[in-house]
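Have a look at it first, and then read on.

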Amino acid sequence: MKKVAFIFPGQGAQYAGMGKDFYEELAVSKKVYDLASKVSGLNVAELCFTKNDQLNITEYTQIAMLATCVAMLEALKERGVSSSVHAGLSLGEYSALVASKALSLEDGFHLVRQRGIYMKEAVPTGGAMSAVLGMDTKRIEEICNETEGIVSIANFNCPGQIVITGEIEAVEKASTSLKEAGARRIVPLHVSGPFHSKMLETAGERLKEDLEKIRIHPLRVPYVSNVTAEYIMDEGKIKELLTRQVSSSVRWQQSVETMIKAGVTTFIEIGPGKTLAGFMKKIDKNVTTLNIEKTEDLDTVCRAIKE
């Protein structure tokens, strides 16, 4: 019997047109986009399906991504596919929590809309992020610690790929030092802020106030936290973890390893792109990774799960 995990991508995977076929073909998916628009006051379908400048701005990206991932999730659930654990990369953690029923969809939309606004306002002058390829994690941490200014690890994505984050000048200095120390490649990321750095602690504190006003429900299915890379089954921990998550490193590789140790053999990436599938190949080639990105993927995944 396959042990299945649903995993959800984060910010950066978005593109114009994502989820449009789900919206047009499946009533269960259209309802998700309509609810997102109602909660936020935005036309979320238009935001996701047409070329526009807003989709890549964090205060709009976050609700667009949550709507798209959950629209695809609902379509998969309608086919009878179930899971034993959920996890999401960064913003994707909110999709995981909605999937686990800890967050109502309405509260999820409200939280990510506010989260995006708070993150933007916390760093009005922006920041920088760069992917560091082909270097030992410990050495990256040492160089970040030695660099003047704010720079730290944002994401432990997979073996050989770490993302650093912080002040523009500090990230540039660290990138130069990392290249000199033997990093195979440094890739600056096109982002609107220094995500998962201590520069966003104020955004986390503001989000905490919103979290205090909502009810976290008992988890129907456990999820793995970005902050701790551990299974979370106690809903009482979730508000603190989501507060910390805004400015903490995303321990994605460790999260996947935790699920594999718990017996997960099949990972279904639900959302635009195949970023997480790419990471999975480097974390463990022995597990199966499937994708839900287009409506035709539903039949493919259902057949693969039943085999």
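What follows is a short tour of a strand, a helix, some charged pairs and a surface patch.

This is a predicted model, in which local features need pLDDT of at least 70, side-chain atom pairs count only at pLDDT 80 or more, and totals for chains, interfaces and linings use all residues. Residues are numbered from 1 along each chain as its sequence is written, and side-chain values use heavy atoms, with hydrogens and water left out.

**A covered strand**

Let's start with strand E5, which runs over residues 161–166. Helices (H or I, at least four residues) and strands (E, at least two) are DSSP runs, numbered from the N terminus. How many of the residues of E5 are buried? Six of its six are, which leaves the strand mostly covered. Here buried means under 20% relative accessible area, exposed means over 50%, and partly exposed is in between (1.4 Å probe, protein chains only).

In a regular strand the side chains alternate between the two faces of the sheet. In E5, Gln161, Val163 and Thr165 point one way, while Ile162, Ile164 and Gly166 point the other way.

E5 also has partners, and two strands count as paired if DSSP finds at least two bridges between them. Strand E3 (residues 128–133) pairs with E5 in the antiparallel sense over six bridges, with Met129 opposite Thr165. Strand E4 (residues 151–158) pairs with E5 too, again antiparallel and over six bridges, and there Cys158 faces Gln161. E4 and E5 make a hairpin with two residues between them, and Gly160 in the turn has a positive phi of about 85 degrees.

**A helix and what comes after**

Over in helix H11 (residues 252–261), the buried residues include Trp252, Val256 and Met259. Just after H11 comes Gly263, with a positive phi of about 105 degrees.

**Charged pairs**

Side chains of opposite charge can pair when their charged atoms come close. The structure holds ten salt bridges, each being a side-chain nitrogen of Lys or Arg within 4 Å of a carboxyl oxygen of Asp or Glu. Here are some of them:

| Pair | N to O distance |
|---|---|
| Glu59 and Arg113 | 3.8 Å |
| Arg79 and Asp299 | 2.6 Å |
| Arg244 and Glu240 | 3.5 Å |

Glu59 and Arg113 meet in a salt bridge. This pair links distant parts of the chain, as Glu59 sits in helix H4 (residues 58–78) and Arg113 in helix H6 (residues 105–122), 54 residues apart.

Arg79 is partly exposed, at 39% relative accessibility, and Asp299 is partly exposed with a relative accessible area of 39%.

Arg244 and Glu240 are four residues apart in helix H10 (residues 238–245), so about one helical turn separates them. Arg244 is partly exposed at 36% relative accessibility.

**A positive patch**

Which residues gather in a patch of positive charge on the surface? They are Lys179, Arg184, Arg185 and Lys282. Patches are made of residues with over 30% relative accessible area and no salt bridge, with like charges joined within 9 Å. Arg184 sits in the loop between helix H8 (168–180) and strand E6 (185–188), and it counts as exposed because its relative accessibility is 58%.

Terms used:
Patch = residues over 30% accessible without salt bridge, like charges linked within 9 Å, V, L, I, M, F, W, Y side chains within 5 Å. Areas by Shrake-Rupley, 256 points an atom, 1.4 Å probe, with all protein chains shown as cover. Lys, Arg positive; Asp, Glu negative; His and termini not counted. Charge placed at Lys NZ, Arg CZ, Asp CG, Glu CD.
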